[in-house]
Amino acid sequence: MIETALFYVFAAVLLASGLRVITARNPVHAALYLVLAFFTASAIWLLLRAEFLAITLVLVYVGAVMVLFLFVVMMLDINLERLREGFWKNLPLAVVVGGVMALEMVAVLAQRYFGVAARTRVAPPGTSNTRELGKVLYTQYVYAFEIAAVILLVAIIAAIALTLRRRKDTRGLDPVRQLAARRADSVRLVSMPAEKER
């Protein structure tokens, strides 16, 4: 009974935060709502006794990917008015894509009513879901795992490249010129005659 109540509480928070991710006007606020959505999704996974997935979601997405998103959003000068210009033009396509995703979720959740039985395998006692997940991940899905790692590496390199752009409103320092500077180039001693007392 308590687990069911907690599930509905976390699900409500997850839906509300997911809605705020796409409706928030400030990109930083949207990213912070996404962090809240990740935390509540990991809490739901804990209720489902998938501890490894819950910890991985918090460590990888909240600890690394969302920090990267916030870093990029804060470093880029995003013009919010230009982002909102194409909203109504792209709304029909967004509705179609959202409808297809909703139908897919309904089909997955209602598969027992359509006569499609899910294949379940009961793990023997003494085994952990982390070990079983590792076996499947590094045998059956090893190529997908490596492709995801390469995509994350490309995202990190792209974020670094975005922050290294030259801006007109900041003055850059050249370390080579600083190290090559000599005292004679910047300081000049002027000999002035001493003033006489009147």
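This is a predicted model: local features need pLDDT of at least 70, side-chain atom pairs count only at pLDDT 80 or more; totals for chains, interfaces and linings use all residues.

User: What describes a pair of aromatic rings?

Analyst: A pair of aromatic rings is described by the distance of the centres and the angle of the planes. The structure holds three aromatic pairs. In one of them, the ring centres of Phe38 and Tyr61 are 5.3 Å apart and the planes meet at 45°, so this pair is tilted.

User: Which helices do Phe38 and Tyr61 lie in?

Analyst: Phe38 belongs to helix α2 and Tyr61 to helix α3 (residues 51-75), so the pair ties together parts that are 23 residues apart in sequence. Phe38 has 17% relative accessibility and counts as buried, whereas Tyr61, with a relative accessible area of 39%, is partly exposed.

User: How is the pair of Tyr138 and Phe145 arranged?

Analyst: Tyr138 and Phe145 form an edge-to-face pair, with 5.1 Å from centre to centre and 70° between the planes. Tyr138 counts as exposed at 51% relative accessibility, while Phe145 is partly exposed, its relative accessible area being 35%.

User: Is Thr40 buried or exposed, and why?

Analyst: Buried means under 20% relative accessible area, and Thr40 counts as buried because its relative accessibility is 6%. Thr40 lies in helix α2, which spans residues 27-47. Once its neighbours within four places in sequence are left aside, Thr40 is in contact with Phe10, Val13, Leu14 and Ser17.

Definitions and conventions:
Residues are numbered from 1 along each chain as its sequence is written. Side-chain values use heavy atoms; hydrogens and water are left out. Helices (H or I, at least four residues) and strands (E, at least two) are DSSP runs, numbered from the N terminus. Buried means under 20% relative accessible area, exposed over 50%, partly exposed in between (1.4 Å probe, protein chains only). Contact means heavy atoms within 4.5 Å. Rings of Phe, Tyr and Trp (its six-membered ring) pair if their centres lie within 6.5 Å; planes under 30 degrees apart count as stacked, over 60 as edge-to-face and the rest as tilted.
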